[in-house]
Amino acid sequence: MAPTDTAPFTLRRATGTLAESAAKLAGDIGATSVEALLAQANRTAVRRGASATMGGMKPRPADWYAFDVKDQATPDWYPQGVTCGEESGAFGAPVFLVTWYFKPGAGERGVRVSFLSPQTLRYRHALLVQATPDGSYAPIDIHAGGVACHGHLLYVADTVRGLRVFDLANLLDLRTVQNDLGDPARAGRADGRFHAFGYRYVIPQTDFWRVAQPGARFSFVSVDRSGPTPMLVTGEYLEDDPGGRVARWPLGLEGGAPADAYVLGQPKVQGALSWGGRWYMSQAADAATNGRLLVHDGGRVAARPYPIGPEDLTVQDGRLWSVTEFRNKRVVFGVAL
């Protein structure tokens, strides 16, 4: 991993009307908490389920949680990013947050986030939206390849634009203002009612850090909490090119300039995280082949066995966690650092 120019990753803040529109929507609907959402979780994960995800991996992960049968089978939604309550430091209960993008070309359902409790195995989806000044909102059509959380702020990777920011203090429950969940085929405000494709919870975008010049890609994102200053980490997925880069910012992103940047030296990196002086990279293969966990420790890179389809990275309870994306192989799993 060779140092490289930080300039291509420089960000500029582009809040525009996002914060004002989100505040209006929150005022009209009313905010709830992550803990309250978990208490209303309507789906059940299976501990150590979807074992085909592990392929030939030995030893298997220390623990993993499989999404339910419906979420395993759907060809429409694909898990991408993962973060956790420990990364946030702001929640009263352990939780994993997973972003999913909507794949079909016809029609758009945007991005959803799953809130999964490892204690109860219950989880629920919420829809990420962009509020508008007129008090309505729309789905957000991005890949959402990575997600990170610091305090109540959720940073979601927008591949060619930068980082979208969502404030979990604006986690909105539609049931506080109406008795049903609206029209499952639409999202937004119409005729005095709110619709979110059948989801009960929506989270409006409150901020935007846009890349200052075209070229850098934001394929994944994580938080390094191992040092005195939390660092936001983003990086690039390149299919057959080892020239993908990673960059790091002190959290708060003041000024938008990265602290440092490096060339990964590996293709097909779906997630990267620096921690305790090491770099961890999840490297994908295909839907039938195990990925690899690459660990860069000084001058060498060691490859460890990994499940099929590994994506973004986060750290909770002293373990490195990731999520897998392929149908019937969708789990949140943890391995030793």
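Predicted model: local features only at pLDDT ≥ 70, side-chain atom pairs only at ≥ 80, totals over all residues.

Reply: S282 counts as buried, because its relative accessibility is 0%, and under 20% is the cut-off for buried.

Me: Which strand is S282 found in?

Reply: S282 is part of strand β24.

Me: What lies 2.5 Å from a polar atom of its side chain?

Reply: The backbone oxygen of E311 is 2.5 Å from a polar side-chain atom of S282.

Me: How do β23 and β24 pair, parallel or antiparallel?

Reply: Antiparallel, over six bridges between β23 and strand β24 (residues 278-283). Within that pairing, Q283 in β24 is opposite V269.

Me: And the hairpin: which residue takes a positive phi?

Reply: G276, with phi near 60°. The hairpin of β23 and β24 has two residues between the strands.

Me: Why is β23 described as largely enclosed by the rest of the structure?

Reply: Strand β23 (residues 269-275) has seven of its seven residues buried, so the rest of the structure largely encloses it.

Me: How much space is in the second largest pocket, and which residues line it?

Reply: The second largest pocket holds about 170 Å³. Its lining includes Q80, Y101, H143, R217, Q270 and E325. E311, whose backbone oxygen lies 2.5 Å from a polar side-chain atom of S282, is also one of the lining residues.

Me: What about the residue classes there?

Reply: The lining of the second largest pocket divides into six polar, three nonpolar and three charged residues.

Me: Last topic, the cores. Which residues touch the most other members of the largest nonpolar core?

Reply: F96, Y137, V202 and V332, in a core of 29 residues. Elements that give two or more residues to this core include α1 (18-29), β7 (77-84), β8 (96-102) and β28 (319-324).

Me: How many residues are in the second, separate core?

Reply: The second core has 23 residues, among them V34, L38, A126 and I140. As background, nonpolar side chains tend to be buried together in soluble globular proteins.

Definitions and conventions
Residues numbered from 1 in each chain as written. Heavy atoms only, no water. 1 Å grid on protein atoms, 1.4 Å probe; cavity = no way out; pocket = protein on both sides within 12 Å on 5 of 7 lines; lining within 4 Å. Points joined across faces, edges and corners; volume = space filled by probe spheres on them. Nonpolar A, V, L, I, M, F, W, Y, C, P; charged D, E, K, R; others polar. Core = buried A, V, L, I, M, F, W, Y, C linked by side-chain atoms within 4.5 Å. Buried < 20%, exposed > 50% of the residue type's maximum accessible area, 1.4 Å probe, protein only. Helix = DSSP H or I, 4+ residues; strand = E, 2+ residues; numbered from the N terminus. Pairing = 2+ DSSP bridges. Polar contact = N/O pair within 3.5 Å; in protein donor to acceptor, adjacent residues only side chain to side chain.
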